[in-house]
Amino acid sequence: MSTNLPSSWQEPDVAVVELVLQACRLIDSWNARSVLRREDAGWTTRHQCAAQWRASAILCRLSSGWRQAVSGWRAHTLELCPSLVCRSLNQRVTDAAIASSTACCPALTLLDLSSVPVNDTALEAVVRHCPRLVSLSISGSRSISGSRFDSLSDAGLRTLARCSRLSHLELSNSTVNGPTADALRVLAACYSLTRVNLTGSSSWLTDEGVGALSACTSLRSLLLSSNNGVRDSGLQAVATGCTSLSQIDLSNCRRVTDEGVAALAA
């Protein structure tokens, strides 16, 4: 595309950009439906959002006016899944990409970083830029061998306590380095936290860490499936402290006995 614009060219306003983004979304969703199986034909809001971000990446290259208009649109974005966007642009999600994306989304309420290598630097950027965050997924987050990425540590988890509106936290099948019981204790102090998913976290989750979650009195859903570190004492603490709990998953927790289950039932 030529960048030599005629003298009569006028930089588009936000309304024009929004119309173009909607058109791109419709075209993208129509193409996607043609290759999806019939039972998967519903084009999700998350994929629509990713389509808009892909379109905006192209629009930003046209002129400074386009970039400003797109930035104005992004400022109102409520949901973002960088892995979908970057996968479509053939780019890898890095801590710099996460920081750049979240910096222009102060209204963000849902951020999905599933299967993205998230480190403490990236998480610090998320917490700093997105004060309205309600739902965060870092499921499947692992360090990349041979890269400059480090795994998420207990210090990064403690950072999340600054998200005053955080309600849902997905940490399933993720890797965290360091003693995490204290970090979970800090997280449990978040009065807004209602759901925590720790499925498949045997590499770092201990019974002491599970017990630390007992301080989270607002917790309603706790998923602990496939964790060998879960024991009866941790469940007894949860049963005592998490009085609002209505869902708990202990499937494939091989070291839990009838005593722990009985404590929950009581």
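Thr199 touches Ser172, Asn173, Leu223, Ser225 and Asn227, with residues up to four places away in sequence not counted. Contact here means heavy atoms within 4.5 Å. Thr199 lies in the loop between strand 7 (195–197) and helix 9. Its C-alpha atom is separated by 9.2 Å from that of Leu222, 23 residues apart along the chain. The model is predicted: local features need pLDDT of at least 70, side-chain atom pairs count only at pLDDT 80 or more, and totals for chains, interfaces and linings use all residues. Residues are numbered from 1 along each chain as its sequence is written, and side-chain values use heavy atoms, with hydrogens and water left out.

The chain has eleven helices and nine strands. These elements are DSSP runs numbered from the N terminus (helices, H or I, at least four residues; strands, E, at least two). Of the 266 residues, 48% count as buried. Buried means under 20% relative accessible area, exposed means over 50%, and partly exposed lies in between (1.4 Å probe, protein chains only). The chain exposes about 13200 Å², and carbon and sulfur atoms supply 51% of that area. Accessible areas come from the Shrake-Rupley method with a 1.4 Å probe; for residues, only the protein chains shown count as cover. Among contacts between residues at least 6 apart in sequence, 78% join residues at least 24 apart.

The largest nonpolar core has 62 residues. Such a core is a set of buried Ala, Val, Leu, Ile, Met, Phe, Trp, Tyr and Cys residues joined through side-chain atoms within 4.5 Å. Leu113, Leu136, Leu160 and Leu224 have the most contacts inside this core. Elements giving two or more residues to the core include helix 2 (45–59), helix 3 (64–74), helix 4 (82–88) and helix 6 (120–129). Helix 8 (181–188), helix 9 (207–212) and helix 10 are also among them. Leu160 touches Leu123, Val127, Leu136, Leu166, Leu169, Leu187 and Cys190, not counting residues up to four places away in sequence.

Trp53 is found in helix 2. At 5% relative accessibility, Trp53 counts as buried. Trp53 and Pro82 are 29 residues apart in sequence and 9.1 Å apart in space, C-alpha to C-alpha.

The loop between strand 5 (168–170) and strand 6 (176–177) holds Leu171. Leu171 counts as buried, at 1% relative accessibility. Beyond four places in sequence, Leu171 is in contact with Ile138, Ser139, Leu157, Asn197, Leu198, Ser201 and Trp204. The C-alpha atoms of Leu171 and Leu198 are separated by 5.2 Å, although the two residues are 27 apart along the chain. Asn173 is found in the loop between strand 5 and strand 6. Asn173 is partly exposed, with a relative accessible area of 37%. Its phi is positive, about 55 degrees, although Asn173 is not a glycine. Most residues other than glycine have a negative phi. Asn252 also has a positive phi, near 65 degrees. Asn252 sits in the loop between strand 9 (247–249) and helix 11, and is partly exposed at 40% relative accessible area.

Two helix pairs were examined. Axes are lines fitted to C-alpha atoms, for helices over the stretch in contact, and angles run from 0 to 180 degrees between N-to-C directions. The axes of helix 5 (residues 95–103) and helix 6 come within 9 Å and cross at roughly 5 degrees. Helix 5 is therefore roughly parallel to helix 6. Angles under 35 degrees count as roughly parallel, over 145 as roughly antiparallel, 65 to 115 as roughly perpendicular and the rest as oblique. Asp95, Ile98, Ala99, Thr102 and Ala103 of helix 5 make the contact with Thr121, Ala122, Ala125, Val126 and His129 of helix 6.

Helix 10 (residues 232–241) and helix 11 (residues 258–265) pack at an angle of about 5 degrees, their axes 8 Å apart. These two helices are therefore roughly parallel to each other. Asp232, Leu235, Gln236 and Ala239 in helix 10 meet Glu259, Gly260, Ala263 and Leu264 in helix 11. In helix 10, Asp232, Gly234, Leu235, Val238 and Gly241 are buried. Their cover includes helix 9, strand 8 (221–223), strand 9 and helix 11.
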